[in-house]
Amino acid sequence: MDIKQKLFALSERDAVGNIDEASLFAHDVLNDVCKTERQNNLTVIGFLKGESDYTVMLDAHIDQIAMVVTDIDDNGFLTVSNAGGIDIRALPSRRVTVHGKEKITAVFCSVPPHLAKDEVEYSDIAKLKVDTLLGKKAKEIIAVGDFVTFNVKARELVGSRVAGRSFDDRAGVACVLEIAERLSERRLPVNVAFTLSDAEELGLRGAVTASFKVNPDEAIALDVSFGDGIDIKKEECGELGKGAMIGFAPVLDSEISKKLEAIAKQKGIAYQTEVMSAKTGTNADVISVSKQGVRTGLVSIPLRNMHSAVETVDIKDLESVCDLICEYILAGGVHSD
């Protein structure tokens, strides 16, 4: 299974709340190459033994943005709230899956332009109703608190670009799984822990407990970041197809960032830099203050249309991330400097 196949398989499986389809799949893939366990509901932790007691942790969050049912009326229309950041503008007419006693395919309602008296503004998700087409039967199958997820298949686009749901951060998860496979066949100078953490979209929660358990000497978070697009300033994004985004920020360890960049230059691996003036908004922020503090870096994948059902990445960027992280681990991390 190549990295694109991993990404598509992860994208098509849900992981939110008590729904663990993606984490079960990731656990099975990871368990084929290293010692693996599950922590709590979704978080997956794997471990490869190296030649020293020094441990580098690689983290990507496996949870996804979703919605939760807050009300069901007698006509089968649902009111929902967001579980994570949702781009409300993209919801009307969107097909979704309601995870009730059985999976129900439903759609967000949309006012036809012929009937809209004024310009429609989408600022409150509670005003957008989900039509189950079940009528009164909806209350027999669906309950308040059930999750709602985007219902869309990942698709190939032009060249090496692909679009789908939950690429934030299944792109990072796919990289972790690929890196684990590659490293399992190599002699490692350091231990490597792989954490596929839960609840990043709900406040970086899973990485707190995962990093506490692993207690690494250093860590690198793998996530997505803003890709270039319409009306986005160049300094605020990365370019699709230009390689891994190496993070530089006050909360990140500068030596890790510098070594990642040096390795990319030395090995001819495509890369770009991402400078953040404060926190990164990723799991790196909380991993860095776990227990006594952990030296932490960040490598990201540029992604367009973030927090939508058509998130877009370039597979070449995922391959760049894998090449870079593997070389970094084989070089012993900052431990060897």
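**View 1. Strands contributing to the lining of the largest pocket in this predicted model.** At least two lining residues come from each of β15 (218-226), β17 (271-275) and β18 (295-303), where strands are DSSP runs of E of at least two residues and helices are runs of H or I of at least four, both numbered from the N terminus. β15 provides the largest share, 4 residues. A pocket is an open set of points on a 1 Å grid over the protein atoms alone, where a 1.4 Å probe fits, with protein on both sides within 12 Å along at least five of seven lines, and lining residues have an atom within 4 Å of a point.

**View 2. The centre and composition of the largest pocket.** Of the 24 lining residues, Val224, Ser225, Phe226, Glu274 and Thr280 lie nearest the centre, and the lining divides into 8 nonpolar, 8 polar and 8 charged residues.

**View 3. The open sheet β12-β13-β19.** The 3 strands pair in antiparallel fashion, pairing being assigned where DSSP finds at least two bridges between two strands. β12 (155-156) and β19 (311-314) are the edge strands, each pairing on one side only. Between β13 (residues 161-164) and β19 there are 4 bridges, and Gly164 has Glu311 in β19 as its bridge partner.

**Notes.** Residues are numbered from 1 along each chain as its sequence is written. In this predicted model local features need pLDDT of at least 70 and side-chain atom pairs count only at pLDDT 80 or more, whereas totals for chains, interfaces and linings use all residues, and side-chain values use heavy atoms, with hydrogens and water left out.

Technical notes. Ala, Val, Leu, Ile, Met, Phe, Trp, Tyr, Cys and Pro count as nonpolar, Asp, Glu, Lys and Arg as charged, and the others, Gly among them, as polar.
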